[in-house]
Amino acid sequence: MKGFSIAIDGPVASGKGTLALALAKRLDGFFLNTGAMYRSLALLAFEKGVDFNDEEEVLKLLPLVNVDLRDGKVFLNGKDVTDEIKKPDPDKGSSIVAVYKKVREVMVSKQQELASKYIEMGKVVIGEGRDAGTRVLPDASLKIFLTADVQIRAKRRQQLYKSKGVEKSFEEVLEEAKIRDERDSSREIDPLPTDPEKLGYWILDNSMQTEEESINVIMDELKRRGLLNDKN
Ligand code: C5P
């Protein structure tokens with residue numbers, strides 16, 4: 001099979017990561033988890049006691065961040081941090097450090113290098129984040145804007161926290177989700193698109209869908225576009 005890429009962007013807790021991982025498994029492709037890179041930087045800052053808001057200090061950490069993405073897992077400097085980067089501090093810090101221009105430049109270039117490597121190997125690269133379709137993979141064969149009602153997204157987020165042993169009220173999680181969406185959509189560099197249809201995205205609202213249903217709809221769309229055949 002010839003390699004190509006799929007970009008999935010959307011607001012917090014819209015299910016991008018889960019879907020991208022499931023799609024990568026189904027297509028034997030590569031899951032390019034772009035958020036994991038910002039989260040890893042935030043984790044390192046947290047561990048070193050660096051204030052997320054101190055841009056100069058955060059930038060000094062950039063050369064120390066080597067993120068490896070393998071089989072849906074995230075390794076920071078060789079250590080498996082898949083679960084750790086989802087904890088409240090790196091979670092909050094990720095959207096703060098992701099605003100810095102230099103941080104984005106470095107991360108995007110790492111992401112593009114990885115994507116090219118796998119596409120050349122004939123793999124389907126599934127890039128997921130906020131700017132996957134606009135910046136990281138502008139030539140993606142399918143750009144999906146995955147969204148869901150904010151109340152449903154907050155509920156999912158609360159469940160995710162719970163599964164990690166973190167108890168938060170629904171109201172708190174809802175407020176956090178709104179703040180994060182606002183920060184991601186209003187930042188100057190490569191914001192989360194507010195008018196995705198105009199940018200060529202295919203919109204998928206999964207509020208009422210199970211993961212399996214979303215995957216099936218995406219598979220159908222890939223076939224409709226001639227990117228996959230009926231055997232897939
Ligand atoms: O997608 P995820 O929730 O893991 O991303 C964590 C944070 O990293 C996001 O809230 C966003 O601020 C930032 N991010 C970004 N660009 C990406 C992916 C994530 O700015 N491509």
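This is a predicted model: local features need pLDDT of at least 70, side-chain atom pairs count only at pLDDT 80 or more; totals for chains, interfaces and linings use all residues.

User: Why is Asp131 called buried?

Analyst: A residue is buried under 20% relative accessible area, exposed over 50%, and partly exposed in between (1.4 Å probe, protein chains only). Asp131 has a relative accessibility of 1%, and therefore counts as buried. Asp131 is located in the loop between S6 and helix H6 (132–136); helices (H or I, at least four residues) and strands (E, at least two) are DSSP runs, numbered from the N terminus.

User: What makes the pairing of Asp131 with Arg104 a polar contact?

Analyst: A polar contact is a pair of N or O atoms within 3.5 Å; within protein, one must be able to donate a hydrogen and the other to accept it, and residues adjacent in sequence count only if both atoms are side-chain atoms. The side chains of Asp131 and Arg104 make such a contact at 2.9 Å. Asp131 also has a polar side-chain atom 2.7 Å from a nitrogen atom of the ligand. The protein covers 96% of the 450 Å² of accessible area that the ligand has on its own, where areas come from the Shrake-Rupley method with a 1.4 Å probe and, for residues, only the protein chains shown count as cover.

User: Which residues are closest to the ligand?

Analyst: Of the 15 residues that surround the ligand, the closest are Arg39, Arg104, Asp131, Arg180 and Asp184. A residue is near a molecule or strand if one of its heavy atoms lies within 4 Å of it. Helix H2 (34–47) provides the largest share of this shell, four residues.

User: Why is Phe46 called partly exposed?

Analyst: Phe46, which lies in helix H2, has a relative accessibility of 42% and therefore counts as partly exposed.

User: What is said of Ala13, and why is it called buried?

Analyst: The relative accessible area of Ala13 is 16%, so Ala13 is buried. Ala13 is found in the loop between strand S1 (4–9) and helix H1 (16–27). Its phi is near 60°, a positive value in a residue other than glycine.

Definitions and conventions: Residues are numbered from 1 along each chain as its sequence is written. Side-chain values use heavy atoms; hydrogens and water are left out.
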